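Hi,

Here is the structure I promised to pass on.

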Amino acid sequence: MTVIKKEITPGKKPFKSLYVSVMLWFVGRALAAVSKIDKEVRDEIAALPEGCLIGMAVFPFGYPGFKAPAMFVQKTDGNRFRYIGTRAGSRKPDFLITFKSIEAAMLVFTFREKTVEAQAYARFTADGSLAVACTFVRILNKTEILLLPKIIAGRAVRRYDRQERKHRKRICLYARTLAGI
Amino acid sequence: MNIRPFYSGSKIISGRGALDTLSFELTGVNARKPLLIAAENERAAEKAVIRALKATVTVIGGICRCRNGEENPAKTIVRTFDSLGCDSLLAIGNADLINAVKTARAELSFGRPPAETDFTRPLAPRRAVAFVTVAVLTPEPGALPDELILDSGARIPSPAFYPDAVFIDPRVTGKSAAVSRRGETAAAALFSAVFALSDAQSHPAARACALAALQQISEAAGTRSLPEQTRLIADARFLSKTALTGSRFVPEIAAAPFLDGGKNPAETLKMLFECAFPALSFAKDDLIHSLMNLVPDESAIDGDEQTLRREFEAAVLRLTERLLPESGNKKPTRSGLSEAAEAVRRSALNKEQKDGCLRMLQNLMEAAE
Amino acid sequence: MKTSPYFEFQSKVRIFAGSNSLEKIGEDMELRGVSRPMILSSRTVARSGLLGFIEKGYRPGMETGVTDTDIPADSDLETVRRLAALYTEKGCDCLIAVGGGSVIDTAKGVNIAVSLGCRGYDITPYAGAGMVKEKLKPLTVVPTTSGSGSEATIVAVIADTAQSKKLLFTSPYLLPDTAVLDPRVTLSLPPLLTAQTGMDALTHACEAFFCLARNPVSDAFALEAIRTIVRYLPTAVAEPSDEEARLQMAIASNLAGTAFSNSMVGMVHTLGHTVGAIAHVPHGACMAVLLPYAMEYNARKAGERIGALLTVLENEKAFLSTPKEKRPQAAANAVRRLNEKLKTLTQGAHAVCFKEYRNKNGEMPVTRDLLPRIANEAVNDGSIFYNPEELSRSDALRVLEAAYEGVSLN
């Protein structure tokens, strides 16, 4: 038997981590932007508790000494989302989606798996209030439909609902997301 | 009515991306530093595991690479585990390697080699040692998931021997050293599932595992993608063996390794299946459920019980031909059966198991006259 | 049918099934190295003398540490704290739960408290998914209804009455170590309750089969469960003392519990949970009414799967003689016929639509004007994620209205 008595510390996946970080940043900013331009989304957010903190992260997020991609949004006045950033501080989120690996996050963020498929395949854990979870997923779906062309959004959501004045909203959404306003 | 107890102690994680959850699952059982025990000829799998652990919290404590037929690998694994301060075992390899790792785990958990431990009595482990396996294709029969095979050949069953999790990832199974023998592996799993299904007293959960195995083997036979095919076969192998844990002692399964010197296990099982089939009984519902998966033509499930049995036998043999296109029509010979009976008498099977095997072989000898 | 590209499956509960299984608990305890159980049960079960069978199977040196039957209908944190303190005081080393969902969930909560050194036996820090990360004390569950399958799930629902909310605890370590399925414990279950809990089990199995998180192993478990329920539920309702029927229902419920625990459930539970919470209709009664509607509603996206259920809901001849596109409707109709049969066997007490349902006081708790509120709240139930078809508030209302009237969706 060959015995290798050497610890093998796993390397990193810098490009995939960067890609997922960028996508999460974009999703966070887009959620904040869509809450400003879409009344239906604001109506959904109204049902969330005041100051509700929601996050999406990748395992091993939360482990001391390990940096992993994440994003957090919080409900603010006027039933809007505010993009907080990549850390939640000391506060425990009301709802947190944690992808079990960077590869699982890549499957979703490269649209090879729908969010609902990823959930069915247990690619991520969902921790927190179920009512918040349902509301958040509906808002996420709506955001994806507004952000993405039908051919991609149709792969991301379970049912593609037609949106009123979609193209105008899309332009506005992208502008606000990128500018952070 | 009494039904056999059933227990299935492993979490099955199967499919594209299974390996990517390795760190997450290990962390879930408080394991951060596994000792990796890999077969020498499964380097591709070993590399895949190390790659899968990138960007995670898991650190591999060290690697033990085993050669085929190595003597006493368990002792080396135990020594290495303790000297490197590992907290779990991660195994990649064939049935012999998995057995060696089970042996090592039992010793690490209970403080004594399994040959010196009485697993029929209450046992509290001294320490929790997580044990997971990454599946590769294994044509050899090996132990059932809840079994350990001692050096003497004796088989001890205990729930303590189940791996905590089994990862079946097509990226790994598709590059197994034994990938060219995938037909044999599938055929062996097929017959194991059929024999498990024929036990009316086994728990329905055990029969459900057998039915799931049949579905996957049938799907594998029709799949063109090699990685996906091998993944389905590995799934089916594990499920069929799990089904057998809930079954009565099956003399055909136990005696097969003694026939033909243990070569061509799948062909031997096929031969035994053909001989044993008339005496096997199956629930009508199980036949229907199986045929829906084995035969594309829906009308195959129409008919009385005799018709369904005939269809089932034919479907199993047709599937075998697809899996083993070069298999012949092997028939048992008196001399072969006689040698097998002698080997059974010398083996470490217990008295009841020996009697069962010898009765079965005797029946075959009479039929062979 | 094609295996999904990825799945996870586990069923780490040791199952004893059959007559005299209660007496085998002692043998199982011996193998686990424990000897002094805390037994949690209901007053009805304790009065029936069933606990005596468990003690009959004790090995020398074993003795019941304490038995407690003061468990409310909905498990809550206060009860967990009280029982955890009692467990420690009496020097117990394992738990046996003999009862329905509430008793089982309470036992799981107590197990967290006594195994993880919770300060003040407060388990709230462990609420949520995956917060329990260590092996707990040995827990044996003897379900006394053949419905919820709680003996096979990784979930416990415990009410925080101070905050008026329900806490969900989810972890593989919450799976009981052993499940004991003994027909004697369900012999006294009244016909109506038998029918309702049986339909709960049927719904678990059906939804596990056609919802999004299905896998080939849970499929096989689900199909075994469905065929057993269809065969034995009417007998268990009509002849409550038939031990064979009771045993088979217990096994089927356990199989269904394992199936849905690995494959999740869908809109029947989405709507049913909310009907139950708002109108206080028993869970099983909601499942019975809503199951055929879910089959009709999901036929477009999961038609092939739902159609395949016809082999076990009816038989293979019905399956073969029904054109493929009509099979989902035929499957839904088969469930309706089963409901009608149960209604006859319970002298009309088993409701086949919501407007028929009457509570113990003879009142009609589900009224038309409640339906919009139910639809509004139902879409916040987590099970909605696993349903094949999207379910909006308006969709939910449409289904509820049809289920209220008892008319098909199509």
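In which hand, left or right, does α7(B) pass α11(B)? Before I get to that, some housekeeping: this is a predicted model, where local features need pLDDT of at least 70, side-chain atom pairs count only at pLDDT 80 or more, and totals for chains, interfaces and linings use all residues. Residues are numbered from 1 along each chain as its sequence is written, while chains are lettered from A and ligands numbered from 1 in the order in which they are written.

Now the helices. The crossing of α7(B) past α11(B) is right-handed (the near helix is turned clockwise from the far one by less than a right angle). Helix α7 of chain B covers residues 204-221 and helix α11 of chain B covers 284-294; their axes come within 8 Å and cross at roughly 20 degrees. Axes here are lines fitted to C-alpha atoms over the stretch in contact, with angles running from 0 to 180 degrees between N-to-C directions. So α7(B) counts as roughly parallel to α11(B) (angles under 35 degrees). From α7(B), B:R207, B:L211, B:L214, B:Q215 and B:S218 meet B:D286, B:H289, B:S290, B:N293 and B:L294 of α11(B); contact means C-beta atoms, placed from the backbone, within 7 Å. Helices are DSSP runs of H or I with at least four residues, strands are E runs of at least two, and both are numbered from the N terminus.

On to the chain contacts. Between B and C, 44 residues of chain B and 40 residues of chain C take part. On the chain B side, β1, α7, α8 and α11 each supply at least two residues, and β1(B) gives the most, with twelve.

Between A and B, 24 residues of chain A touch 25 residues of chain B. The largest share of the chain A side, four residues, comes from α3(A). There is strand pairing too (DSSP finds at least two bridges between the strands): three bridges join β1(A) to β3(B), running antiparallel, and A:V3 stands opposite B:C64.

A:K100 counts as buried because 25 C-beta neighbours lie inside 10 Å (the cut-off is 20 or more other C-beta atoms within 10 Å, with C-beta atoms placed from the backbone). Leaving out residues up to four places away in sequence, A:K100 touches A:F59, A:R123 and A:F124, plus B:T21 and B:F24.

Cheers

Conventions: Two residues are in contact if their C-beta atoms, placed from the backbone, lie within 7 Å. A residue is buried if 20 or more other C-beta atoms lie within 10 Å of its own, exposed if 12 or fewer, and partly exposed in between; C-beta atoms are placed from the backbone. Angles under 35 degrees count as roughly parallel, over 145 as roughly antiparallel, 65 to 115 as roughly perpendicular and the rest as oblique.
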